[in-house]
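Subject: Handover of a structure

Dear colleague,

Please find the structure below, together with its sequence.

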Amino acid sequence: MWPSRLRHTMVTQLLNANADLVSIQEILGHTKIKITQGYSKLSNLKAQKDYFQAMEIVVAKTTIRQLE
């Protein structure tokens with residue numbers, strides 16, 4: 001039970017620190033990304049931050065296209 005919990009904690013902490021899921025997959029030695037995803041739990045703060053970063057990019061690209 002403890003090794004599994006440790007993996008869950010490690011993956012969650014790495015994701016919350018903006019680590020790439022594919023990099024985490026490599027670290028854990030998983031052959032399939034879905035296995036790595038099963039260990040992950042994003043915090044609401046991380047999801048919110050990712051959303052706002054993505055929306056900034058979308059708005060910037062939309063603004064540039066409108067100016068052309």
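In which helix is Thr12 found? Thr12 is found in helix α1; helices here are DSSP runs of H or I with at least four residues, strands are runs of E with at least two, and both are numbered from the N terminus.

Before going further, please note that this is a predicted model, in which local features need pLDDT of at least 70, side-chain atom pairs count only at pLDDT 80 or more, and totals for chains, interfaces and linings use all residues. Residues are numbered from 1 along each chain as its sequence is written, and side-chain values use heavy atoms, with hydrogens and water left out.

The chain has four helices and zero strands, in the order α-α-α-α along the sequence. Of its 68 residues, 15% are buried, where buried means under 20% relative accessible area, exposed means over 50%, and partly exposed lies in between (1.4 Å probe, protein chains only).

To return to Thr12, this residue is buried, with a relative accessible area of 14%. Its side chain reaches the backbone oxygen of His8 at 2.9 Å, a polar contact (a pair of N or O atoms within 3.5 Å, one able to donate a hydrogen and the other to accept it; residues adjacent in sequence count only if both atoms are side-chain atoms). Leaving aside residues up to four places away in sequence, Thr12 touches Tyr39, Ser40 and Lys41, contact meaning heavy atoms within 4.5 Å.

The largest nonpolar core consists of five residues, namely Val11, Leu15, Ile24, Leu28 and Tyr39. Such a core is a set of buried Ala, Val, Leu, Ile, Met, Phe, Trp, Tyr and Cys residues joined through side-chain atoms within 4.5 Å. The elements giving two or more residues to this core are α1 (2-16) and α2 (21-28). With residues up to four places away in sequence not counted, Val11 touches Ile24, Leu28, Thr36, Tyr39 and Ser40.

In α2, the buried residues are Ile24, Gln25 and Leu28. Seen down the helix axis, the buried residues of α2 fall within an arc of 105 degrees (taken from the directions from the axis to the C-beta atoms), so they line one face of the helix. The face turned away from the buried side of α2 carries the exposed residues Glu26 and Ile27. At the N-terminal end, Asp20 caps α2, with a side-chain oxygen 3.3 Å from the backbone nitrogen of Val22. Following α2 is Gly29, whose phi is positive, near 80 degrees.

With kind regards
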